[in-house]
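Dear colleague,

I am passing on the structure below, followed by some notes on what was found in it.

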Amino acid sequence: MKRKMRVLASICALTLALTALTACGSSSTTKEGTPESTNNTNNNNTNVSTEAAKDTITALLPPVSPAYQENFSQMEKDFNALYPNLTLKIEPASWEDMTQKLDTQVNAGSPPDIAFLGSSGISKYVEQGMALDITDAATAEMIADFDQAPLEYMKNGTGLYGFPAYMEVHALGGNKEFLEKAGIDYKKIQKEGWTFEQFREDIKKGVVSEGGKTSRYGFVFATAGVASKDYLAILVKSAGMPAAFNKDLKFAYTSKNYLEVLKDIRVMIDDGSMPKELSSVDAGKRWNMFLTGQTMITGKGLAVFENSANKNNEKIKANDGSAVKGSIPAEYIVLPVPSFAGQKAMASAVVDGYVAFRGKKEPTPEHKANVVKAAYFLASGKVAATTNNDLFAAHITKSGKKEAESMTVNRNPDNVAAVEAMLATASPARPDIPTDLGAKAIKLEDEVIIPKLQALIAGEITPEAMYDAVKAAAIQAFGEDGVVKD
Amino acid sequence: MTQIAKPIKRRKIKGDSGAGYAFIAVALVIFALFTAYPVLSALIISFQKYMPLGSKFIGFDNYIDSLKDPLFWKAIKNTVVYTVLTVPVALFISLGVSLLILPLKKKLQTVFKAIYYLPAVASGVALSVVWLWIFDPMPNGIFNQLLGYFGINNVNWLGATSTSMFSLVLMSWLSSHGTSIIIYLAALLGIDDSYYEAAELDGASFLKKLWYIVIPCLKPTTLFLLVTGVIGSFQVFQNAYLMTGGGPDNATTMVGLLIFNNAFKYFEFGKAAAQSLILALIIGGISLIQFKFLGKDVEY
């Protein structure tokens, strides 16, 4: 009996050890799709058949719009109805998890076939060789369906790495009532824009103070954490620097106009138009401040914010307890970013879309064609129309526009016109910037520009000190001849 | 000359030894898979420019780049400052609380142990959200309201270089002592009552008993908590990541966060691996020093 127990215990222990080993084993999944798709591809090579081979396309998708993830099963069904041999398998992810989930899968060599991400993120995956160039697999009809400007954003060098879902502008948003009270002709500004000097005076008018305490600021922009990157990037575009590199591929943020923007950032806080605690105001907080009437203008502003404000207004009207605590009815007005240093205003365009990926193994032409079909399905037609309407975003495909004709959207027509005017002057795509230069610029931005900007906003360094630090780091990264000198 | 072949000795696994080897195998396999293999991989990757489709050997470049990088040294400095400010205070608070709990009845002791251990059970993200609320920079933030009662202006706790590190340290001081309290309590309960009785006969005060009985008897426990505390503090990541993101002006960028950023933000896995091995060497060195100077007369 004792011996039997010993043998049993040994077997149990070895089983546990083997289980651990098995769990770490590779499932030999390749990036040609799922194992099923690999087998099917192989079968297709050996069996001569008139039927198209079965294939599975995987997609990692965040909640692009409020109702987007609710439609996943319908999207999978519709895709399968369109292509009976193909299966679209959607993996949902939250915005918070999206990048980390994708990066982990990419670095393990087994990313999804399609992932939703910002066009600015494409270069790092191209640099790694993991983004899939779909130039040869995208048909002429597919390409012709997209507006040219957003499609350019999905390019890097000569390669096309996916299809755009929407093109938005990073603008500002104002409270209609407060703008009118401050005597600001917002309709004129929507049409003609404004200079920083005019903007500075206008936001001063929006400040409400009593007994030394400010109950409403003129302007609050989210600058805590990653949002600080947006703040400066949006402003410098209207100061003659539409991208980190000029057309000669010289680093642009060493221009004297950059220093002017930094000075203007500081002066708005010193005026009392922006809170002195701005460096700790994150995206959630400043939106709360907008809805609760603690600021007249907020940034960054996206078209979808009008939808969020409208929904909150309805909740307030209906006495719904889920309305933001302390919020007041606020009519959201889209406003352009002011121009700086006598330069022409240029809206900051943001293009997000469906990017195609490859795994460690080169995908077969059949699988690549299927991935393109799935990406196009998601970026056009009914899916795009529904999603962009939900986001209050402009339609960028002919098929999407057609589908959207039958859908109604409750938008302020002035806002629609303002967004369209800004899109017309939006910063163009820069697929010519080499990936290594782009990667260096991102690192410089993360390790020098953002930390120094946080210190500048907190009042701990001067604009000149920040400018000098950025210039020194830029010269170190790109060389004396690699930076703009004016 | 002919050689006489020696008969091969076959070692037999006798008695309980077979089961013993099997049990050791489990631990060894798990250790090899989840500790030794990743460490070895990190060592190899640290000499490479890592790419998912094929890495390139680049020698010591990742180590040289790291040692030349001012941000790496700033992160080391920040980590040392954080460790120096948090670990000794954490030990002091844990010992103090344990001494306060010790005279209580067993049931009450358990209640307090559970209360102090609760933050360790809660999600770090949830705790950080609460702390973000406490450190709200506006005048209606919790800490700022407290300051307001004394007529002090609101402080931009996490948004200014002058206060951001202190805010993280304060957060550490006011939370996460549960494990240390439980360990200290167990050690305090292990001190023989006869020591206290003898001291009382000699008319020793509370402080004398603390100094001559409690502290020497707790030395192995204190050394253990100090070493593990320093190791944990050097690897701190979550607080900086969730509360400040390393800012402002990299004032709270710890080595752990820098390694994470290099690996998962910039995909520089080689550099991240090199920095993590440098960090491991630093931690190993500090632990050795601690054992050498503080563990001389420690008996286990």
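How many aromatic pairs are there over all chains? The count comes to 43, where rings of Phe, Tyr and Trp (its six-membered ring) pair if their centres lie within 6.5 Å, with planes under 30 degrees apart called stacked, over 60 edge-to-face and the rest tilted. This is a predicted model, in which local features need pLDDT of at least 70 and side-chain atom pairs count only at pLDDT 80 or more, whereas totals for chains, interfaces and linings use all residues. Residues are numbered from 1 along each chain as its sequence is written, chains are lettered from A and ligands numbered from 1 in the order in which they are written, and side-chain values use heavy atoms, with hydrogens and water left out.

One of the pairs, A:F116 with A:Y166, is tilted, at 6.1 Å centre to centre and 45° between the planes. Both A:F116 and A:Y166 are buried (under 20% relative accessible area, with exposed meaning over 50% and partly exposed in between, 1.4 Å probe, protein chains only).

In chain B, B:Y241 and B:F260 pair edge-to-face, at 5.1 Å and 65°; B:Y241 is partly exposed at 36%, while B:F260 is buried at 16%. Both belong to one aromatic cluster that also includes A:Y125, A:F357 and B:F267.

Between the chains, the contact (heavy atoms within 4.5 Å) takes 40 residues from chain B and 39 residues from chain A. Four salt bridges are counted there (a side-chain nitrogen of Lys or Arg within 4 Å of a carboxyl oxygen of Asp or Glu), and B:D249 and A:K452 form a salt bridge at 3.3 Å, N to O.

Best regards
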